[in-house]
Amino acid sequence: MQKITEDLARRRAAELMRAGEISCLLGWKKGEFDYDVEPTVFYTPEEVERELVCNVFSAANLSKYLISLTRKAEGRVGILLKPCDSFSFNQLLTEHRFDRERVYALGLPCEGTVDTFLLKERVGEGIYSIKIKDGALEVETLSGEVKEIPLSEVYAERCLVCKSRRPVAYDEMLGEVTPDADEDRFAQVEKLESMTAEERYAFWQGELSRCIRCNACRNVCPACSCERCVFDNPTSGVETKAPSEDSFEEKMFHIIRAFHVAGRCTDCGECSRVCPERIPLHLLNRKFIKDINSFYGDYTAGAEVGSRAPLVSYTKDDPEPGQGGQK
Amino acid sequence: MQMTDYKPKIVAFCCNWCSYAGADLAGNNRLSYPAEVKIIRVPCSCRVNPTFILRAFQRGADGVIICGCHPGDCHYTSGNYFARRRMALLFSMLDYLGIERERTRVEWVSAAEGAKFAATMNDFVSTVAALGENRRLEDLRCKK
Amino acid sequence: MYVSYFPGCTLKTKAVRLDRCARKSAEILGIELQELDSWQCCGGAFTSAADEVATKLSSVRALAEAERLGRPLVSVCSACYNVLKQTDHAFKTDPEFASKVRRYLAPDECYNGGTEVLHLLELLRDKVGFENIAKKVVNPLKGVKIAAYYGCMLLRPSDVLGLDDPENPSVMEELIRALGGEAVGWSQRNECCGGYVLLESPELAKKRSLEISSDAAAAGADMIVTACPLCRYNLDKAGSGLPTVYFTELLAKALGAEVDEI
Amino acid sequence: MQRIGVFVCWCGSNIAATVDVEAVSQALKDEPGVVFSTNYQYMCSQAGQDLIKQAVAEHGLTGIVICSCSPRMHETTFRRAAAAAGLNPYMVEIANIREQCSWVHKDIALGTQKAIVLGRAAVAKLHLNAPLTPGETPVTKRALVIGGGIAGIQTALDIADAGFKVDIVEKKPTIGGKMSQLDKTFPTLDCAACILTPKMVEAAQNENITIYSYSEVESVGGFVGNFDVTIRKKARYVNESICTGCGLCTEKCPVKNVPNEFNLGMDSRRAVYIPFAQAVPKVATIDPDYCNMLKNGKCGVCARVCTAGAIDYKQTDELIEQKYGAIVVATGYEPIKLDKFDEFAYNSSPDVITSLEFERLTNAAGPTSGKLLRPSDGKHPHRIVFVQCVGSRCAAAAGKGKEYCSKICCMYTAKQAMLVRDKYPDTEVYVFYIDVRTPGKNFDEFYRRAAEEYGVKYVKGMVGKISPQGEVLKVQASDLIAGRQLHIDADLVVLAAAIEPDRSARPLATMLTASMDTNDFFTEAHPKLRPVESPTAGVFLSGACQGPKDIPETVAQAGAAAAKVIGLLAKDKLTSNPCVASVDELMCNGCSSCERVCPYGAISYVNKEFRMPDRTVALRRVASVNPAVCQGCGACTVACMSGAMDLRGFEAKQIIAEVDAICK
Amino acid sequence: MNRDNVRDEVIRRSGTDPRKCMKCGKCSATCPSYDEMEGHPHEFVYMVENGDIEPLLASESIYRCLTCMACVERCPRGVEPAKIVESVRLEAIRKKGANRLTPEAVAAVADEELPQQAVVTAFRKYAK
């Protein structure tokens, strides 16, 4: 995202707030370091003008916060939506999770966000500060060295294969829509599919064994917006609070989580972004998306409000289970 | 492990109207199938939550089969169509995770198909038995 | 349209007209019948026994070659069609047979069940279309009453061959009508001429054939048309006096093809 | 903590022979919460039920587990016993150790082990059971009968006689069905019309009965006691209330070549027609496929000749919405199409006919005025061959025909053969049979009379091929007893075609959510004990829609179905199944997933204020289930990802407890 | 081989199940060769089912079946009698020296126009 967009966003949001159009704004502000930009709610135009950050580190999908914020806040809530976040926004609307009238959405153009893990790996030592330049990051390390890292080398995978940079929901658009990414979103899933069952098993055992059940994936996921998660619900029969001795617990959690968001997941990639163990959780969701597309025809969750999700509809000649989509 | 000694644990979810009645008919006609098959009665195949299936695998089941009315014949008109979608996706996911796809199955068995019920169970048990014990996506950390 | 062509042993010798007329007509209809390089005699009869493998190998080889060429395999002779199609079906439905066959085949002639076996009649009906053939007729078979004789091998077993309704077939009648002729209705058209027992019991074959040709005569036919050299031989010998011709002869004549007298 | 009693049934030797019932009751005694465990010879007997009552009282049981036959058999019995003992009837769980254990496992050790596991699963589930109370819904005191043949008429008359309103929906222009096409009926040789038409008139005149002829059921909603049905009354272009049935229009209509379906196409009718003289309602119907006025606006003869002014070319289909408490299916049968049996030359010779066509040829109101004449040349046939089992008893592997016995053919063939010999003694009659099946009152005597007194030649064998040749049909057949192949020159061949359910039955079953077997016959709730009820509550079965039946059986079943309907309509209120979905509003996201999968429209949404965990109050959209409409399938429970939706009696934690017990 | 083994082998080779027969006799009604046989199609099915194969092996009937498949086509039970006849015939001619047909015999009946097809077919059906 360009500096110009950040300026525009600050100006417009503050204007709206001063005019009483919105009572608060869901946006991002700088955290402890330049690279950890975190979601926040601004209540005054001054805060917005001073602290709102809209740049390649504004990765978090804000749409989920609308559920609680619209319940609490007075008047209309402002929100900044990257194109991918706008799909989540629509999906939440489809599920009646907030009232559209209570929200004013400012659409942001996006060319990708930075994978901070990748950046840290690339820099190789502690980062002191970051300056965003055209197409590159100027990183000053703790040892005082200044490195220039091309953005193209540290864009997040989810942005390289982004399903669409064309926003599907906003009240006003700040800046120009950027061209779509052209990499194949399902290449990684296909690679796994082409492995033998043994290899896949080994892959996922290695990945999922690292899970510490911190619930970060669940908490960030805009589709995981249940009032109370089944894994916290004593009547569900599967309530678990923490990793148990049972060797299957984490797999069950992740499979069920993926299943619960199947047909609703917009592939925003937040789950993998926040995972402290860097488990590629999005590959589970993407598998469902790929299967849904091939079994039941292309479907993009959140592309339009009110569409019927694949798991709550059917046709009489759907493929039989276990046939790999064959009818 | 000797294949002949190995008895897989099989959980069969049967809808009350067709498949559970089909299983009863298999009994009425004295059509035998392995005792490893234990049936759980549900009103409809659409009552089967993927959680139940994963829970069965978690607790040591080697195979899980869901039986319902034939598509178009659901007592509740559409339950099995939803079940079919859910299971198609879930089974594909389990396969993706490296759990053999032969361990899960959906079969449509009507109340009149006692013979099909018994034949299905015989086939399913021998298929699962041939795979051996389920490795259940074990967590590396839990390995002794 | 390019198709692979399996002429069969008899078409190369005693039934040259069946073959020549088929080729000439195909040419006029824009079908390229490409004779398989290395076909061998199909054996004339399909042995239904599950443990017969060697006798079916020549058919599998032909199927394999057609598969490599990626074209349907067309036959004009009822018997070849019957044997090829039944062999193909056995190969696709009986894994034990398929695996036994593979042991006899060279690696490069392996068959994967991908060949569509067609009788020329099927090709004309389903891929060319009788209405298109009718447009190309230059010598309509006007005023000729023709009894279409199917015998057994074009029709049975119908669940494998699927060429036509085994009890009430119509493909040859439709062809006759497309060529401007009149097809007579008669009931012995799908009964056996006794072909297989010709050498074993000539009198039985003769009895059967006479029954068939007399029924055709009783129905008022001027001639019988067939797709099988053996049927033709038997019916000719039956002694009812009714001439028997191949369907390709009628086709070639109606389409105005020049076919040398043999 | 529950106090659970376990009762293991021997079922005589049905269970006890392959399951060590003592070992089962001993093993289950050690399960947590089990305070009493025993076994008994017949738990379903009065003595067995008394045992339950006694144990509940003595041990203060809060729930019981019965290890016995299938719950589909005796769940209701044991629930009643529990209620009689003062327990909530839903505190009963059944472990099916007969159909799904003792009858299918021959090894006693394995059978016993499995029975114990099944018992444990039932105990584990019962621990989580909660008392349930059925809801109550009112009953609409009106019945719908679908199909106006003898089955539908009889059912309607019986229901009407009990004082309830009943509507008959018949897709044809007249009621009467197949029976109206028959000549005589076996084994008494009554004239079909003589016994049927009075009933048709009775139905028309009964003030409790409304006949919707030329009508079809368009949609069915609701549930037992409260069905909402839409009936499409097709436009017949004749005002039914004005038409006097004089028939003048049917004589003057210039379109004369319409195949007459009542005579199976063996003669023709006009474009405006009354199917037969005794039709009910006796009103004309215009066939829009043939009427020149309706097709191109040129004609209008019928309107001109109709003195009553009943013709209405502008008439359109009418949709009637009506509420019913019960629905009776009486859709009947059709003979199968014989396209795949051309070895019998049905398509190539007009003199090869079906038995139903033969009925019309011998019926005084038929195309030949009752004279038996060959369709081809109108000559009297002197040698007739009847072929039985045409399309019946065919294996699926044969790829054609039906697997079942059509049941009525042996008898009507005997009747037809006998009548031919009676009326035309110079006619030679052969019947080719595989078996002659005559299990009915006076049936075998009837068949023997055909052979012994009337000289019908019964040949054990089958016809292989029929060759029409000139005027004769050359019949090639086997005589298995003589060991000969027969060659008969017949003048007429009559094929006893298999019967199959009417084609309207399948879509109707879908509307009614009533199950069907693989042959499209409606399935009964229990093959022996509930033969006239469909498994779908409030839907009953009458006549051949449930399986092949002759007239006496059909009438008996029609009366039985009526009795069941009367029993239902006599109630003011129905108690509904309490095993329905219920929503935990605190957990509901209001996402609408459940609503979208509910086939009954039982789920709606309300906005409610809730105190949130952070002590704020929020207005939230939450689901609400109508327990009278919910049928308890559970589709919503899986669509709900938050787990807010659960199914009473089959709760998630109950099923998981069963899974755990089984996998232990 | 004992009687049961022969029966099992004949049935296995035929690929059919004679127990499906309901004794309707349609095969024998259909058979164009009926009068030439002393064991008729339905009897083949019945005798093979019961293991009475010896009399069939000795019977000329096995060489009178036209393999026209009419019985297969018309059997309402899907029993396929012609395949049973063929299986019995193979049982007979696979025995050493039991070839039914010799080249000399063919030469004796062959005429100018006899199609090759007739010869190859006869050898395939009546000789090993």
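**View 1. Strand β12 of chain D pairs with β17 of chain D.** In this predicted model, β12(D) lines up against β17(D), residues 318-324, in the antiparallel sense, with seven bridges between them. For a landmark, pick D:D228: its bridge partner in β17(D) is D:K323.

**View 2. The hairpin of β11 and β12 in chain D.** Strand β12(D) also pairs with β11(D), and this is where the hairpin sits. β11(D) covers residues 215-223 and β12(D) covers residues 226-233; the two run antiparallel and are joined by eight bridges.

**View 3. D:Q654 in helix α19 of chain D.** This glutamine is found in α19(D). Is D:Q654 buried or exposed? D:Q654 counts as buried because 23 other C-beta atoms lie within 10 Å, and the cut-off for that label is 20 or more. Setting aside residues up to four places away in sequence, D:Q654 touches D:K125 and D:L128. Also worth a look is D:N129: it is 525 residues from D:Q654 in sequence, yet the C-alpha atoms are 7.5 Å apart.

**View 4. The side of chain D that touches chain B.** Here 42 residues of chain D meet 42 residues of chain B. On the chain D side, the helices that each supply at least two residues are α4 (71-84), α5 (98-102), α6 (108-127), α18 (635-639) and α19 (652-663). Which of these gives the largest share? That's α19(D), with eight residues. Sorted by type, the chain D side comes to 21 nonpolar residues, 13 polar and eight charged.

**View 5. The largest nonpolar core, with D:I64 picked out.** This core has 223 residues, and B:V11 and D:I64 are the ones with the most contacts inside it. Helix α3 of chain B, residues 79-96, brings the largest share, 10 residues. Centre on D:I64 and leave out neighbours within four places in sequence: its contacts are D:I4, D:G5, D:F7, D:I52, D:A82, D:L87, D:M91 and D:V92. Another core lies apart from this one; it has 140 residues, including D:I168, D:V220, D:L473 and D:L512. As general background, nonpolar side chains tend to be buried together in soluble globular proteins.

**View 6. Chain B, strand by helix.** Walk along the sequence of chain B and you'll read β-α-β-α-β-α-β-α, for a total of four helices and four strands. Of its 144 residues, 70% are buried. Take the contacts in chain B between residues at least 6 apart in sequence: 82% of them join residues at least 24 apart.

**View 7. Chain C on its own.** This chain has 11 helices and eight strands. How much of chain C counts as buried? The share is 58% of 262 residues. For contacts in chain C between residues at least 6 apart in sequence, 76% link residues at least 24 apart.

Definitions and conventions
Residues numbered from 1 in each chain as written. Chains lettered and ligands numbered in written order. Predicted model: local features only at pLDDT ≥ 70, side-chain atom pairs only at ≥ 80, totals over all residues. Contact = placed C-beta atoms within 7 Å. Nonpolar A, V, L, I, M, F, W, Y, C, P; charged D, E, K, R; others polar. Buried ≥ 20, exposed ≤ 12 C-beta atoms within 10 Å, placed from the backbone. Pairing = 2+ DSSP bridges. Core = buried A, V, L, I, M, F, W, Y, C linked by C-beta atoms within 7 Å.
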